[in-house]
Amino acid sequence: MKEENKLLMPSLILCAAIVAFPTAFLLYVSLHRWVLFSREVNFVWLGNFYSIITSSDFLESLRVTAIFIFSSTLLTLLFGLALALILNEKLRGRGLFRVIFTLPAIIPPVVAGFAWKFLLNREVGVIGGFILPALGFEKSIHGDPLLALISVIIADVWCRMPLTFIILMAGLQAIPDVLYEAAKIDGANYWKMLQNVTLPLLKPAIIIALIIRFIDAFNLFETIFVMTRGGPGTATETLPLLGWKIGFQYFNLGQAASLAVIMLLITVIISQVLIRRMR
Amino acid sequence: MGASKSTRHHYSRLILYAILGVYLVFVLFPITWLVLSSLKTHYQTLIIPPQLVFQPTMEAYEKIFTGGMLKAFANSLKIAGIDIVLALFFGIPAAYSLARFKSKLNENIGFWFLSIRMAPAFGVIVPIYIVIRSLKLLDSIFAVNLAHLLINLPFAIWLLKGYFEEMPIAIEESALIDGATRLQVLLRIVLPPSMPMVISVAILTFMFSWNEFLFVFVLTSSEGATVPVLVASLAGTMTFDWPLMCAVSIGAMVPAFIFVLIVQRFIVRGLTLGAIK
């Protein structure tokens, strides 16, 4: 045992330190009035948390975030499920479809955001500047609060559907064929099998997909930042963008840290609730 | 009866292909449009209705070379390369020890490692920014490397730990009885068959570093900027050079595409945080 420790403890300690330090320091900062360029750092207990939670910016951002997460998670889950079910059938070319549908996952989110910003641009974009106006729709997408929010949801669905698709695909492949054969002998049609065999057995995979996708959408920053910077106004300012603004534009690091802690708590609580449902 | 059933089957197949086709267009259209626009001149991108047939030009790509933008690509490569080495050097022994020496503490460390991936990036960057700033290391590659390692190392450990745990332990034990040290066991017995996983961890590390935006954006201003920051800063200026932005975007996509073609199934494991094996 001693000899094992000699090899393994150094790297383990280093790793623990490198992970523990930011978490601990984040908590420490969140409990202080910590503004960059100001020398004074005062312990304020939960003061930062209080000012964040009671600010109208936070409540507005929470509303936008909730709409964004709900729509984006729901859409990626539905598309992922539908496409995984279709590509679980014996169709010609399904290998190629699978590869292509997962492609956006490896594109840098910044590039995905830029691509959609470009496509939807009112002046030069092929969709926002040509197709939509030709159909009689003249508004600027990024100038309208609701349309801007819809546009970042579309970009996020485009970018992140592969995540749910991959998880559900793997879940489907894990269901043994014997069950389908037995159902067929009992005279079940496709929809009956879907309802009574596939979906119940897929439930754990669906919940894993939901958790991973929720965390992913909750923390999404780049795509929205590149597309709208949270605008117009605060129409697309989700919590990560608000946190960035507080921390690195207003330089109020204490409040940014406390917002991050709040978000981490929300993440942990919601994923715990979802994990419970899996059993 | 048989005939009508097969025509119905035929129709349902058609519907499935139609759905697949629509989504295929949705996925491929933005990428295709970026490629097309990167081959246009600035003036050609401004024309509405957009031209589908035009004389392609490599002007935008040449601008990457002449406009001093190669530095961002070089930075991206350097940061990702150094991060791979560090993540593997520290990650392999740590993952092995977590996999072999079980204790209550180890279990918790494993979960803790993963929890940093659940925290919002702007929160993780706050403590790092304070430290890097007080060390006067802002706008350096070192700063970015440290920040990326913070995400990559726990992730590498998590994936490798899962892999090591599935390996048969008998050979290792007999080697230990024969007098081999743990380090020898790790290097000679455990690592060689683990190479596919090690390579996939290296690629995932690369992809995270290559794609990551916020840390670099906060920690650097010009010297240490990487490709995603370059894309964002080009997209944020008022003088839109559309072909150039498209060309840089294509350049940003290429490495990941190459990797995925090589090791598709390993990427799947990484994208889902090891939830799917």
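Helix α8 of chain B, residues 170-177, is hardly covered, with 0 buried residues among its 8. Here a residue counts as buried if 20 or more other C-beta atoms lie within 10 Å of its own, as exposed if 12 or fewer do, and as partly exposed in between, with C-beta atoms placed from the backbone. Helices are DSSP runs of H or I of at least four residues and strands are runs of E of at least two, numbered from the N terminus. Just after α8(B), B:G179 takes a positive phi of about 100 degrees. The model is a predicted one, so local features need pLDDT of at least 70 and side-chain atom pairs count only at pLDDT 80 or more, while totals for chains, interfaces and linings use all residues. Residues are numbered from 1 along each chain as its sequence is written, and chains are lettered from A and ligands numbered from 1 in the order in which they are written.

Chain B as a whole comes to 12 helices and 0 strands. Of its 277 residues, 43% count as buried.

Chain B is split into domain 1 (2-59) and domain 2 (63-271), with bounds that come from an automatic or database domain assignment. Where the two domains of chain B touch, domain 1 puts in 9 residues and domain 2 puts in 8. On the domain 1 side, α1 (2-38) and α2 (42-46) of chain B each supply at least two residues, and α1(B) gives the largest share, 4 residues. That side of domain 1 of chain B divides into 2 nonpolar, 5 polar and 2 charged residues. For these classes, Ala, Val, Leu, Ile, Met, Phe, Trp, Tyr, Cys and Pro are nonpolar, Asp, Glu, Lys and Arg are charged, and the others, Gly among them, are polar.

Within chain B, helix α6 (residues 121-134) and helix α7 (residues 141-166) have axes that come within 11 Å and cross at roughly 145 degrees. The axes are lines fitted to C-alpha atoms, for helices over the stretch in contact, and angles run from 0 to 180 degrees between N-to-C directions. The contact uses B:V124, B:I125, B:I128 and B:I132 of α6(B), together with B:A143, B:A147 and B:L150 of α7(B).

Setting aside residues up to four places away in sequence, B:L160 touches B:G91, B:I92, B:A95, B:M197 and B:V201.

Between the chains, the contact takes 66 residues from chain A and 69 residues from chain B. Helix α1 (residues 2-30) of chain A brings the largest share of the chain A side, 15 residues. By class, the chain A side has 55 nonpolar, 6 polar and 5 charged residues.

Chain A comes to 12 helices and 2 strands, in the order α-β-β-α-α-α-α-α-α-α-α-α-α-α. Its C-alpha trace spans about 75 × 70 × 35 Å along the principal axes, and buried residues make up 44% of its 279 residues. In helix α6 (residues 126-134) of chain A, the buried residues are A:V126, A:G128 and A:G129. Just after α6(A), A:G136 takes a positive phi of about 90 degrees.

Two other sites in chain A are worth a look. A:E60 sits in helix α3 (residues 56-87) of chain A and is partly exposed because it has 15 other C-beta atoms within 10 Å. A:P232 lies in the loop between α10 (222-227) and α11 (239-248) of chain A, and its 16 other C-beta atoms within 10 Å make A:P232 partly exposed. Beyond its neighbours within four places in sequence, A:P232 is in contact with A:H142, A:G143, A:P145 and A:A148.

Definitions and conventions: Contact = placed C-beta atoms within 7 Å.
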